[in-house]
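Thanks for coming. Please have a look at it first.

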Amino acid sequence: MGVARSRRVSLIAFCALCVALYAYGVASAPCIPSHIEGIALPLDFMVGIPLGFYLLVVRPRRLTLLSVIPVIWIGYALSVLALGSPNTGILPALLSALIPVELAVAVRECLKITRTFKAAKTESSDPMVWFRETMLYLVRKDVAAHMTAAELSVWYYALLSWRKKPYVLPGERAFSYHNAGGYMNMMLGLALAFPVEIVAVHLLVSQWSVPAAIVVTALSVYAAIWLVGDARARMLRPIAVGEGSVRLECGIQMEAVIPASHIEMVVLSDSEIGHIEESDRLNYGAFYRPDVWLAMRSPVEVRTLLGTKHVRAVGVSVDDPKAFAAAIKEAAE
């Protein structure tokens, strides 16, 4: 915890120093002879600060070198702003020298990303795993990687999953949950209503502002894709009971693998888990009305969109609650 806090403080300090250097460089440019500023400022902005960013931020955190490239281009843009022209001083020569370096870095990192993705795809049939492992290579933060993986998975499930089969491991018995609580019926209703509503809202808002109408329409289309992707994920990522373990899923929103022997009881109503505090529960039932609760002997790890949580009870909805409860009992024996 102390190391993580120290790194956060160092990152904040470095960013503050960079902002100060950027501000000083831009503000002082008119006061310094152009033949000096045309050399010193591009070197500081496009070489010095990116090098410091690499040594103090990227390297200690094992981040990808791709993160240095935007810093170089920020330095270039500010250099042009301060010097008044992209052809001033050593800017053209420095840019010509750095572009091949950036391309080499981009090619090298893209090859590493591709290898990471292929390795994850070989090890697992779950798209969430493919994207999460790839994003972990890029950002090295579990929460950020999982959130980005969930976002990419939405697009995968919405656009590329239509001929795929549900993700079930050998020896597992799958239990669907996409029809529980009328969830899929609601999705079908929204699918019929969304096109009409999107067009109507666009025409209405465009009378006031065309840019605003475009933004609202884009957000509406994104929301529709997100709902389709989550619905497809619910169909292709079923809850499964294997030999001695239970794999819980809820679309792209939640996942956990729980040893069957670790499950204290499986109940079909909220009243039967009254001894467990609300803060120790996670409710992923359809419309927050689960028809099955799994109560654990001690907290278990559950991965959610917002990170990992440790809870003693997880509520889910399945299409056949009684058969699901019986399967867990059988796996625990």
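Let me start with a question: are Arg 237 and Asp 126 buried or exposed? Arg 237 is buried, and Asp 126 is buried too; buried means under 20% relative accessible area, exposed over 50%, and partly exposed in between, with a 1.4 Å probe and protein chains only.

A word on the source. This is a predicted model, where local features need pLDDT of at least 70 and side-chain atom pairs count only at pLDDT 80 or more, while totals for chains, interfaces and linings use all residues. Residues are numbered from 1 along each chain as its sequence is written, and side-chain values use heavy atoms, with hydrogens and water left out.

Back to that pair. The side chains of Arg 237 and Asp 126 form a salt bridge at 2.7 Å, N to O; the rule is a side-chain nitrogen of Lys or Arg within 4 Å of a carboxyl oxygen of Asp or Glu. Arg 237 sits in the loop between helix H8 (210-236) and strand E2 (239-241), and Asp 126 in the loop between helix H4 (91-123) and helix H5 (127-139), 111 residues apart. Helices (H or I, at least four residues) and strands (E, at least two) are DSSP runs, numbered from the N terminus.

The whole structure has 12 salt bridges. In another one, Asp 142 pairs with Arg 303, with the closest N and O atoms 3.0 Å apart. Asp 142 is in helix H6 and Arg 303 in strand E7 (residues 292-304), so this pair ties together parts 161 residues apart in sequence. Asp 142 is partly exposed, at 32% relative accessibility.

Next, Glu 172, in the loop between helix H6 (142-159) and strand E1 (173-175). Glu 172 counts as buried because its relative accessibility is 18%. Its side chain makes a polar contact with the side chain of Arg 247 at 2.6 Å. A polar contact is a pair of N or O atoms within 3.5 Å; within protein, one must be able to donate a hydrogen and the other to accept it, and residues adjacent in sequence count only if both atoms are side-chain atoms.
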